[in-house]
Each structure stands twice: as structure tokens, then as C-alpha cells.
Amino acid sequence: MISMIAKAIKQNWGAYLLFLVFGALFFVLLTRFLTLQITGEAEGRDLAAQAAAQYAREQILEAERGKILDRNGEVIAEDTITFKVVAVLNEEMTTDAKNPKHVTDPEKTAQALARYIDMPEEDILKRLQQKGKFQVEFGPAGRDISHEVKMGIEQEKLPGLIFLQDLKRFYPNGIFSSHLIGFAQAEEKEDGTFETTGKMGIELNLNKYLQGTNGKMAFEEDARGYLLPDGEEKIQKALDGNNVYLTLDKKVQTFLEDSMTQVAEEYNPKQMYGIVADPKTGEILAMSQRPTFDPDSREGLADNWYNQIVESTFEPGSTFKTFSLAAAIEEGKFNPNATYQSGVYDVLDVRIHDHNRYGWGEISYLEGVQRSSNVAFARLLDHMGEDRYKSYLDAFGFGKPTGIDLPNEAAGNILYNYPAERVTTIFGQGTTVTPLQMIQAETAIANDGKMMKPYVISQIVDPNTGDVVREGKPESSGNPISADTAKKTREYLATTVTSDVGTGQLFSIPGYDISGKSGTAQIPNLDTGGYMIGRENYLFSFIGMAPADDPELIVYVAIQQPTLPETESGSIPVSKVFNPVMLNSLKYLNIQPAEAPSINIFKVPDFEGENVEDTVSKLENEGVIPVVLGVGNTIKGQSAKGTSMMAGERLILLTDGELTMPDLSGWSVRDVMKVANIANLDLNITGSGYAERQNLQAGAVLSKSEQLIVSFSTNQEQIARQQAPEEEETGPQD
């Protein structure tokens, strides 16, 4: 009985204990519920906000970086749509085994993907095998994917790979004034997003203008990613970056790039640069240098990071005599007809030599300018006085930056402390300048004494409003000389191109009067402290303007240490840039030649079966040059029919007799090809320009399929071979 009572008490105690435990739990839950209902917080966190955050999503609306355009609105740099590839690793994303949404076969995926992106297969596999990752990207290799590459990857049918739209900075013109434009690239920020930032050139200098402001779109969705029907949606529009319009002209820039590329390939210079400017406004129409780089791939950037036209200085050589001549004219110390003894001149305890060491006897000062005589200019300094000449160097802007709207502009240095330095400065040795200073000073010569500050920013426009944020305008930087002096300087410098003894003969352009000055500057030897020696170790240059009477363009070209054939002077590669750039730019800008003779147009009939003598007479009356192949009396073929020809063009006539070889000297490639085609000859061409040598002698009887070898050379190359290959300048000797 007692044991039964004890057992009952024990059972009731267990029930009481369970009652107390569940009662306590109920009390805690009730308290928790009431607290949440009253305060809306848990552990200090706002539950309503946490719930909103769980279901709210925010999408970045990426702003476009502003475009960089030329003066005519042609695109130089812009954002373009690309893709980035992402691999989903989370198996929970797959709800249908037959249609997987995650990477199911990392090895196969890595092997296939390695064929499309620049990443080793083993590195791709490591990323795909990461544990606990929802998705992975592939760094720079997985970004900037083109539409074609995207389609190729999609055709591999690799589960788990998705593509997200992306923006990439694109430079459609390749090496187009690359050091001026610079480049921009995407950089990852702390929040994992990417932002395109300028790294050099205009892209860096105007980054604050080009950079846009991202927008965002906020919306609500459920746990499965579906938009909630009553969810709020807020949109903050992206503001695109400002568009930058440059003074560059895409056509003129292309002329410069093409010519420089050809010369760089042919002569492999250490450095070279070229500038085209409008002397009336100071606008830079084209600017380029070699080595250069591709702003899309950055290939070549390691060879030359800085903009040498803006940031580097050099000794200009005889091109500097342009401004020395102008100073002497302004001071009334230059008499073109006065004579002096060339060769050697002792002044201020310094002995000056002409570049050929012995001179040309007693010559006029004008001939001294044409021959680029150092002695002539040393004497002019003696006549002007050192201090007076120095004031002109300051007035022309040497020794201080031009103030162009580009970063890191160098100032140069007028070396004028000792007698030797003062004398050598007048012919461009010792003193250092920048290419931009040379352009600025040249505008005073071309623009009737009014010097114009160079600039490259035309205007900056907000594409969101159309407002002009900043505008570049022509700005005078002084009047170092009078209009009359500028005119006389142009006239005297024009004779360096037209004179039989002028050093600028190679820079003549048919139909246009060129005024300018060549230079062959010595290069300092940093190892010995003196100057480099050797026929190639110079900076060869030419600065010229056209038309000479009222210049519309200035072109400045300099080439350092080109690899020269034994028969060529350093001015030849310079002329191969200057001449086509100046000529094509003048034509493009519709600047008419000084003399434009009337041109007769003749429509060529079919002469087949007609008498040779009668046909020749008819063509000569029309101004067309007939070239007869063969000794027959009847025409059986011709190089053209039914087309229009201008006076002075050649028409090849084929007769019924034996074919004979004409003299091809001076012929163009086009005319030589006419002969080869109509005579059925195997043509082999070397060089460019006009025919100089041929393997088949004039008058020789031709047989079909015979090989014709013709060597071509330019007028400049032929002139250079006729001249003694002397260096233009050598340094002074104390």
C-alpha cells in the first residue's frame, strides 16, 4: 500500500515538472510575441526594415562615359557594349535535371572555355571547383567579350555559363594620336562594381568631365526572385559623361598616321613626331609620334609612355634659324644682298664652322640662309647683339610652356649663360625647346606677326542637356614681330625650297609654294658629355607652311636616328612624311594650288584597225601622249577605250608588227603596268615613285611572258643622290 502511494506521488511529480517546463516556454513565447508586436524590433534590429531588405533588390543603371570626338563629330573614343561570362556553381539553381542551370562538368567546361578566353585551362578549372561559391567570374579574361565570341561559347552548350552585358572603352581608329587621346580602363571598386577611369592623355586629364554618374532602379521581389505585384519601384536615371570635341581633324590625322607608319616601317627611327596646325587659330589639326601604341590592347605602350610632343625637350637644330632670321629682319640687320666670307668665323672667343667645314667662299646672306650657313647666323648675332636677340627668344615664347590644355607640359631651356652658348643658340644648338613651342612660334611667321597659343580642346558638351560646359577659343600669345617682317621671313624661307642651293629642295610640292626650314640637329651623348657622331645620329626635321604668301597650314616633322641607305640623306624620310601630309591636307581643305592650268579632257575612241600615224597625230593634238608598241602600221589594241583621259596622260597603242620596248624613264607605276598588261609581260616592281631603271633596254624586241623588272624612286630620292650626302650641321669648335 505504501509503495503504491509512493509510486503515485512520483508519477504526479513528473507531470508537475512537465507542466512547469511547458508553462515557462509558453510564457517566454508570449512575452517575445508581445515584445515584437509592440516594439517591432529584435536584437536591436528593425524587423520591418529587415524584411524589406530581404525582398528589395537594386539594379545599377550604368552611365556611359563621354565620347571623345574630332572637330567634325567623328568618334575617336566611346563606350561600346560587350559581355562578361559568369559561371554558376550552386547546384540548387537546377530544378530540372534535364535542363541544368549550374556547371555540371567542370573539366569539360574549362577545356572548352579556354579556347575562347585568355586564361589557361587549369586556372579556369580551379575557379570552377571552388567549394561554397554561388558563382565565379574569370577576371579580365572573362570581360570585354565580343558578340562573336559570346555566340561561339553559347554554341558549346555548356550548362551554368551566363553572360552579363557590360561596357568597354573602344577606340575605333586604332593608333590615332594615341598619346594625345590616352586610354581608359575599367577598375574594380570596393563594392565589387567596375568603373571606367582615364589613365593617360585626354582620358586622364578630362576624366572629371568624361566620367558619368550611375543611376539605379530599386524594386521588390519575393524569395524566388519574382517581382511583387504591389511592390514599389524607384528609378534614378544615369547621367552620361560629357562629350569632348577636339580640334583634331580625322582626315588630316589619318594622313599623318599613314605617312608616319610607312616611314617608321621603312627607316626604323628611334623616335619621330609630326604636328599639323592652323596658324590663324592655333588649333592642332593632327598630332602623332612613334613609337606609338594601340589604346584598345595597350600594345606598344611600354616602349613610350609619355607624350613627347608635350612633355619632352630637344635641341631643334637649323629649324630654329627661322626665328633667328625673323629677329634679324625685325632689327634691320639682315641685308639679303650683302656678302660675307663663309666657312669659319671667330666671334666672342668661339670658332664657328659651316656644316661642310670650309664654306662656299664669299656669298650673300640670302644664300647663307638657303645653304643653312652657321657662320651667317653667327655674324647676324654679332650685328644684333646678344641681349637684343635674347629678347626675341623670350617674345617667341621659348623657355616657358605654351599653356596648351594638356598635362605635364615641359618648358625647355634657353642656354644663354656663356659666349659659346649664346652663339650656338642662334642656329639651334644647346638651347632646348618643345615641338609645341616651335609650332607656336611658327604661327607668328605664318600669321603676319600675331602668335597664336596652340590648343586641342574645341568644346565639352553635356549630352544630357546639350549645354556647352567648356569651350576652347583662339587666343593670341603675343606679337614678337611685325607683319612686314613675317612676310619677308616667309619669302626668304621659300627660297630654301626653290633655290638650286637650298637645303629644303626635297620639300617642294607641285602647285603650292612652300616656305620653311630644314634642320639636322646633333644629339647629346649622355655617356661622353659631347654629341653623337655618325651620319644617322641626328634629329632630322622640317617645319614649313603653305601657301607661302598666306599660310593656311603649318606642318612640323622630326625623325631621330633613322636607318639610312648609303644613297639617302636624312631629309628624305622627313619629306616622305611632310610632303604627302601637306599636299593631302591642302587638297582636303580645298586650298587651291597657286596656278591651276586648264585641263583638257579627251574621251578615247576605239582605234583598232586604224593607221598608226594618223592615230598618233590625233592623240598629240588632244594633248594625250601616244606610246606605240611594235613596228606595224595598223593598231590592233590599246590600253584604254571609251574612257576619259586628261592632257599629259599616256595611251599605249599595240600594232600588228614586232613589239619593241619603250624607254620607261620617269613613268608612273600605273603607266608601266599599262605596257606590261597590253604586251603580256611578267612585271616585277621595286621601290615607289617614278621609273628610274629597267632591265629590258629601250628598243629591244619583246617576246610574250618575258619578265620586265622596273626600279622606281621618288623625285626626292633622285635629287638626294645628285647631292653630296653631307650632314647639314656640325657643332661649333672653341
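Glutamate 257 is found in helix 9. The model is predicted, so local features are given only at pLDDT of at least 70 and side-chain atom pairs only at pLDDT 80 or more, while totals for chains, interfaces and linings use all residues. Residues are numbered from 1 along each chain as its sequence is written, and side-chain values use heavy atoms, with hydrogens and water left out. Helices (DSSP runs of H or I, at least four residues) and strands (E, at least two) are numbered from the N terminus.

At 5% relative accessibility, glutamate 257 counts as buried; the term means under 20% relative accessible area, with exposed over 50% and partly exposed in between (1.4 Å probe, protein chains only). The side chain of glutamate 257 makes a polar contact of 2.8 Å with that of glutamine 253, and another of 2.9 Å with that of arginine 290. A polar contact is a pair of N or O atoms within 3.5 Å; within protein, one must be able to donate a hydrogen and the other to accept it, and residues adjacent in sequence count only if both atoms are side-chain atoms. Beyond its neighbours within four places in sequence, glutamate 257 is in contact (heavy atoms within 4.5 Å) with Ile175, Phe176, Ser177, Met287, Ser288 and Arg290.

Helix 9 has 18 residues (250-267) and should span 26 Å at 1.5 Å a residue, which agrees with the 25 Å between its end C-alpha atoms. The expected span is 1.5 Å times one less than the number of residues. At the N-terminal end, aspartate 249 caps helix 9, with a side-chain oxygen 3.0 Å from the backbone nitrogen of lysine 251. After helix 9 comes asparagine 268, with a positive phi near 45°.

Helix 5 (residues 147-155) has Lys150, Gly152 and Ile153 buried. They lie on the same side of helix 5 because they cover an arc of only 160° around the axis, taken from the directions from the helix axis to the C-beta atoms. These buried residues pack against strand 5 (75-88), helix 3 (106-113) and strand 7 (161-170). On the face turned away from the buried side are the exposed residues Glu148 and Gln155.

Strand 28 and strand 30 (residues 650-655) run antiparallel and are joined by 3 bridges. Leucine 653 in strand 30 is the bridge partner of glutamine 638.

Conventions. Pairing = 2+ DSSP bridges.
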